[in-house]
Amino acid sequence: MADDDGTLTYGQLNGRANRLARQLAGLGAGPGQVVAFAAPPSARAVVALLAILKAGAAYLSLDGAAEPGAHRDALDAAGALLVVAGAGFDGAAAGGRTVVPLDEEYEAAADADLTDAERTAPLLPDHPACAAHHPGHLPVPHAALGELAAHHGRHLFTEAVTAAGQDRLRVALAVPFSAPGASDALAALLAGHELYVSDSLAGAAPEDAVGHLRAAGVHLVATTPRQTEQLLDAGLCAPDGDGSAPVGLMLSGEPAGTALWHRLRELPSTRAYVVHRPCGCAAATLPLRVADAAAPVLGDPSPGPGVYVLDAGLRPVPPGVPGELYVHVPQRHAAYAGAAVLTGERMVPDPFRPGAWMYRTGDLVRRRDGADGRPLLEPVVPAGEHAVLRGLRLEPRAVEDVLTSHPDVVAAAVAVREDGAGEETLTAYVVPARAGGAPSPAALHAYLAERLSEHLVPVTVVLLDRLPLTAQGTLDRPALPLPQREPDGSGRPPRTPREELLCGLFAEILGVPQVNVDDNFFELGGHSLSAVRLLVRIHAVLGVEFPVKAILETPTVAGLARRLDTDTEDGALDVLLPLRTHGSKPPVFCVHAGSGLGWSYSGLLRHLDPDVPVYAVQAAGLDGSGNLPDSVEEMAGHYVDRIMETQPDGPYHLLGWSFGGIVAHRMADLLERRGKRVALLTLLDCHPVGTVTREEVEESLAKVRTADVYRAMLGLFDIELDDDEAARLTHESTVDLLRTKNTALAGLSETEVRAMTEVTINNARIGLDVTHRPVSAPALVLAASEETAHQLLPGMWDPYFTGDVEFREIPCKHTHMLNPGPLELIGAIVSEKLRAVFREGAAE
């Protein structure tokens, strides 16, 4: 054999293994015992494996990448007596068991083969040779290893010898010794061929592994189907003319998919073999040359032990009819004596051979005849590979086969995963073909929808460079990334408060950060159940009931907005904009910031109790009339008149952000002067205005550059400019930026944006000339804690209230107060405060 450090002859390998075997036998290892070994792929690891077998024990290979706790659990489950380990093994993982150093030579021991007299008991063919890794699985008897070597020697290795043109093959093990394919590579060693192992292959990138294998001149590679997909993509079997491509591949560990099967059949100079081992019964091997079947099959059952395909009554099913795979076991011999399967659940009497037993694998298969008349087994659902989603049974491999039938897909995996909203969805992971352009997720979704039932079409398609694999070369499902269903950004932004609110509800239900008005609810991952939840939320927030067919017929925000009852629609630029009109509690009136718009307050609706009506108070001049107030006093008086038309009597609840907080405070003063009670005044990061004279106001206005006003206005809409860009701002360029930078203002006309700009400038002017009078309303002051130059501090508002003032900080900047993240926290605080106010009111 050969490894990274050199080669060993059969004599050297045999002598070293015999010396270590005597050491193990002296520690009590023998027939019926389990000995674990933990070492990276190397000649020393092969010495350890052979020594365990020579002592008559069963080996248990520990995955070097696992945590010590996982090693300890595996040792306990297998009942391991001791551990043979390399230098890097953590002794704590042995759980108190003796650890035999693998690096010692044990020169004092004899090189000759062990005899039964030296073992703890005579070694019989049915003693376990390979321990089961799972409690419900069967170990592999010693006799099975010899039978496997004999079979491979007569068929697989003989064909490879002919193809290679030499008597002895170099057979590489590309998976760990814990993988099923290790038995195939070990069979090559027992059949007289050279075994090649290398620690450089463990966890290597496919391109590096291919370079290593081709440089080593291997003839056969023991691997897995998923690993083979990646090795083929990296050029393992490419006909480069240098003769370094292997002549054969031995695939085991899981069934091969349709696309891989066809690729293997088309390899120009490499023959591929599948060696299927039924779930839990690794001793039963079903080998087959891929070229002998046009479509994926598990293997040919004829050369191995008795294999049955039976129905629930243990009766044989006709060819082509699905049934469960059972494997004949000659007797309940020593290899199975300690297995936890002897309860009748897995081991059942063989009705066709009196006195014998069958192992129930759990694999669903169907039998069919091959082109040459040989019986073949087709996979239906391998044990443990089905999934259940919303009560429906799914077969991921069936979906994977359809995906890989797409000409631009070379590999695929399908799994039930949680999306960003914590909901289980069917997700497809696709590796595009390197030769062609990568198909878009939407194109693959459409491709599947044409060929599969609706419940089998994955909600999300994720493109990957390669699929993650475990150390054993099988698909590492937990390592598949969580699906991130996000819009592609090509749709239109919301143009009205109602559209903005619906976009927020779409995003909430789908678990995505943002939704445009043209994004399709179902294409973003929605389904019938989440559609019902969306309609429930729309009713709770807007008070509008939609039938389920509404979302099916118009699955976009734009479509649903058009379906809303026109009687509930008010002008988007009206002074009093209803955001939610239904509810039994007194409403909350949210006063606009400096821009004059109140649309952003629609995000509060998701966080306030559904029985609280909400209105946005907007600037009067947004209609372009030019009727702008000369003072905050005048503005507040107008707004009080309007809200009293909707709510003639208190208690009133007012809220304002930035400039809106100044106006809301003055509105509270005017309401109290009219004898009305204000039960809560919430100020969102607004600073009280210091007492100044008219002359000081005029002097301050003279110092304010118009460009600075424009820059501050753009900042309210998350449009950031550097100093040079800001210095060049004009009225026209500001209007253009507001309409083109993908904000909600893109839906406004140029005239409306110009009017809003005029409103903003006027508000900046009158906001400097304010005299605060103390009010008795309870106050909630929320400050943006990430502001550094102009931060609102506790106590700043205290002189302007005679009642309680509660101060809280929000971790954000001033301009981000109404962004989704901060607004979620603000909404929770305000909602809690309102509930307390309502309880106090009810008690009175």
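**Ground rules.** I worked with a predicted model, where local features need pLDDT of at least 70, side-chain atom pairs count only at pLDDT 80 or more, and totals for chains, interfaces and linings use all residues. Residues are numbered from 1 along each chain as its sequence is written, and side-chain values use heavy atoms, with hydrogens and water left out. For elements I took DSSP runs numbered from the N terminus: helices are H or I of at least four residues, strands are E of at least two.

**Entry 1, α1 and α2.** I began with α1 (10–26) and α2 (43–54). Their axes lie 8 Å apart and the helices pack at about 55°. My axes are lines fitted to C-alpha atoms, for helices over the stretch in contact, with angles from 0 to 180 degrees between N-to-C directions. The crossing is right-handed, meaning that the near helix is turned clockwise from the far one by less than a right angle. For contact I used heavy atoms within 4.5 Å. On the α1 side I found L13, N14, R16, A17, N18, L20, A21 and L24, meeting V46, V47, A48, L50, A51, I52 and K54 of α2. This contact splits into 11 nonpolar, 2 polar and 2 charged residues. In my classes, Ala, Val, Leu, Ile, Met, Phe, Trp, Tyr, Cys and Pro are nonpolar, Asp, Glu, Lys and Arg charged, and the others, Gly among them, polar.

I used a 1 Å grid over the protein atoms alone, a cavity being a set of points where a 1.4 Å probe fits but cannot get out, and lining residues having an atom within 4 Å of a point. Points are joined across faces, edges and corners, and a volume is the space filled by probe spheres set on them. I got 4 cavities of 30 Å³ or more.

The largest cavity holds about 130 Å³. Its lining has 12 residues, with R16, V47, L102, E104 and E105 closest to the centre. Helices α1 and α2 turn up again here, as the elements that give two or more residues to this lining. The lining has 7 nonpolar residues, 5 charged and no polar.

The second largest cavity holds about 90 Å³. I listed 14 lining residues, with E254, P255, A256, V274 and H276 nearest the centre. Strand β13 (residues 271–276) gives the largest share, 3 residues.

Helices α16 (residues 632–646) and α17 (residues 659–673) have axes that come within 9 Å and cross at roughly 65°. That makes α16 roughly perpendicular to α17, and this crossing is right-handed too. Among the contact residues I noted M635, Y639 and I643 of α16 and F659, I662 and M667 of α17. By class I have 13 nonpolar, 1 polar and 2 charged.

In the loop between α16 and β28 (652–657) I stopped at P651. The peptide bond from G650 to P651 is cis, with omega near 5°. I also noted L314, in the loop between β15 (307–310) and β16 (323–329). L314 is not a glycine, yet its phi is positive, near 60°.

Technical notes
Parallel < 35°, antiparallel > 145°, perpendicular 65-115°, else oblique. 1 Å grid on protein atoms, 1.4 Å probe; cavity = no way out; pocket = protein on both sides within 12 Å on 5 of 7 lines; lining within 4 Å.
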